[in-house]
Amino acid sequence: TDACLNAIEAAGALNAFVHGTPDKARQMALAADDRIKSGDAAPMTGIPLGIKDVFCVQGVASQAASRILEGFVPEYESTVTQNLWDAGAVMLGKLNMDEFAMGSANENSCYGKAINPWKIDDRDLTPGGSSGGSAAAVAADLCLAATGTDTGGSIRQPAGFTGTVGLRPTYGRVSRYGVIAYASSLDQAGPMTKSVRDAAIMLGAMASVDEKDSTSADIPVPDFEAALTGDIRGKKIGIPREYRVDGMPEEIDDLWQKGTDMLRDAGAEIVEISLPHTKYALPTYYIIAMAEASSNLARYDGVRYGRRAGLGQGDGITEMYEKTRAEGFGPEVQRRIMIGTYVLSAGFYDAYYNHARKVRALIKRDFDNAYADGIDAILAPTTPSAAFALGAMDTADPVQMYLNDVFTVTLNLAGLPGISVPVGLDRQGLPLGLQLIGRPFEEGALLNQALVLE
Ligand code: GLN
């Protein structure tokens, strides 16, 4: 814990930790020490962690990197963090992210950009997003692991960009209670770690059946670490034809081939499969995510949480809402609230939102069919490129940024688990990740397959 606290201080330029809790960390580390001495240690006991700012931690500022939550200090603890503390983990502080987890570069944050510890000629690169602070902190050894959330790739894409491991569990495996909501039917928290084994251990501590989350699945949490035998003989790995998109860089293709060979050499059977509705995943995801976000973010009204704008003479409640939301939300969040409201409006609901829900069902059916055919997991690139330079995306064209999520959003729509593992480097020496998409609630098997790629 002391080594991490020192490293955090020395790495301030990365802007990964945005709110340190060193006193809490030392106290928790001492308690973990006692627990270890009394022979009552669990695998996470004494492990110093960073927590994405989207998790409510009792008594610690938790604002999902938004100005609108300035001054909000939760009275309650998210189930995920409570589970981690119960297991003896140590809290180092809160980590940078995109505002309300909306973004793919950690550039939409009230704390400013987070920076990838990997560099090209001293040029600053994005650590990815939205869990950019988490990924940067793990990659720079500021913590042993971190929590992330993955609504449409926000664990896997930053893991891919920083050479770390990121696991998004099956929807319902990890409680969403106390996790500040973005799109509730897609949100899921998971571990961001240095190794597959760490991800197995940490997921075991994070997951629970939770009556405080009505979408928590009533399925017991197995021992994920026990599943790590390294034996994947006879497993069928699907290679989805539709992920070979136009203009995919050769090095991504080579990486994909390398991963395929690693799995085959370990005894897996490689099968080409088709997920025919893949090309609709990106627009479907952005319609559903924005619709749900516009509804979830209606609660930030200047009354219930955090910040309220200064009011002028004669301002009424409408002006209070307007001014608070106009100054509290950043431009990307405002854009999404407006698009989300539009796709849910009476005249357009059927054309956009309802349509997207139907396509979502088709995307899920593609995966169901593959698994019904005996496929155990699906291998694909995590991202279409390595980490890009900060500011490289034209903010006047937000769709450019959305396109970076082409491989990650599909499984969120289907509620499936996925893990990104670093498998190689690009021509410039930057890390590249591959993702394995697993069967629902079979994270143990998924982690075991991922072990072969490590
Ligand atoms: N880039 C995706 C988005 O902006 C990532 C979201 C996420 O997983 N939190 O919606």
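**Reading the ligand shell and its surroundings**

Mentor: This is a predicted model, and we can start with the ligand, which is surrounded by 14 residues, the closest being A101, S104, T151, G152 and S154. By class, the residues of that shell divide into four nonpolar, eight polar and two charged.

Trainee: Which residues does the UniProt annotation "active site" cover?

Mentor: According to the UniProt record, an unreviewed entry, the annotation "active site" covers K52, S130 and S154. Such annotations may be inferred rather than shown by experiment. Although these positions are spread over 103 residues of sequence, they cluster in space, with a largest C-alpha distance of 11.2 Å.

Trainee: Is S154 buried or exposed?

Mentor: The general idea is to count C-beta atoms around a residue, and 20 or more others within 10 Å make it buried. S154 has 37 C-beta neighbours inside 10 Å and therefore counts as buried. S154 is found in the loop between β4 (145-149) and α5 (156-162), and, leaving aside residues up to four places away in sequence, S154 touches A101, G129, S130, S131, G148 and T149.

Trainee: Where is K52 found, and what does K52 touch beyond residues up to four places away in sequence?

Mentor: K52 is found in strand β2 (residues 48-52), and K52 is buried, because 31 other C-beta atoms lie within 10 Å. Not counting residues up to four places away in sequence, K52 touches L95, M97, S131, G133, S134, A146, T147, G148 and T149.

Trainee: How should I read the crossing of helix α8 and helix α10?

Mentor: One looks at the angle between the two axes, and a value of 65 to 115 degrees counts as roughly perpendicular. The axes of α8 (residues 281-296) and α10 (residues 331-344) come within 7 Å and cross at roughly 100 degrees, so α8 and α10 are roughly perpendicular to each other. In this contact, I287, M290, A291, A293 and S294 of α8 meet R336, I337, I339, G340, T341, V343 and L344 of α10, and by class the contact has eight nonpolar, three polar and one charged residues.

Terms used:
Residues numbered from 1 in each chain as written. Predicted model: local features only at pLDDT ≥ 70, side-chain atom pairs only at ≥ 80, totals over all residues. Axes fitted to C-alpha atoms, helices over the stretch in contact; angles between N-to-C directions. Helix = DSSP H or I, 4+ residues; strand = E, 2+ residues; numbered from the N terminus. Parallel < 35°, antiparallel > 145°, perpendicular 65-115°, else oblique. Contact = placed C-beta atoms within 7 Å. Nonpolar A, V, L, I, M, F, W, Y, C, P; charged D, E, K, R; others polar. Buried ≥ 20, exposed ≤ 12 C-beta atoms within 10 Å, placed from the backbone. Near = placed C-beta within 6 Å.
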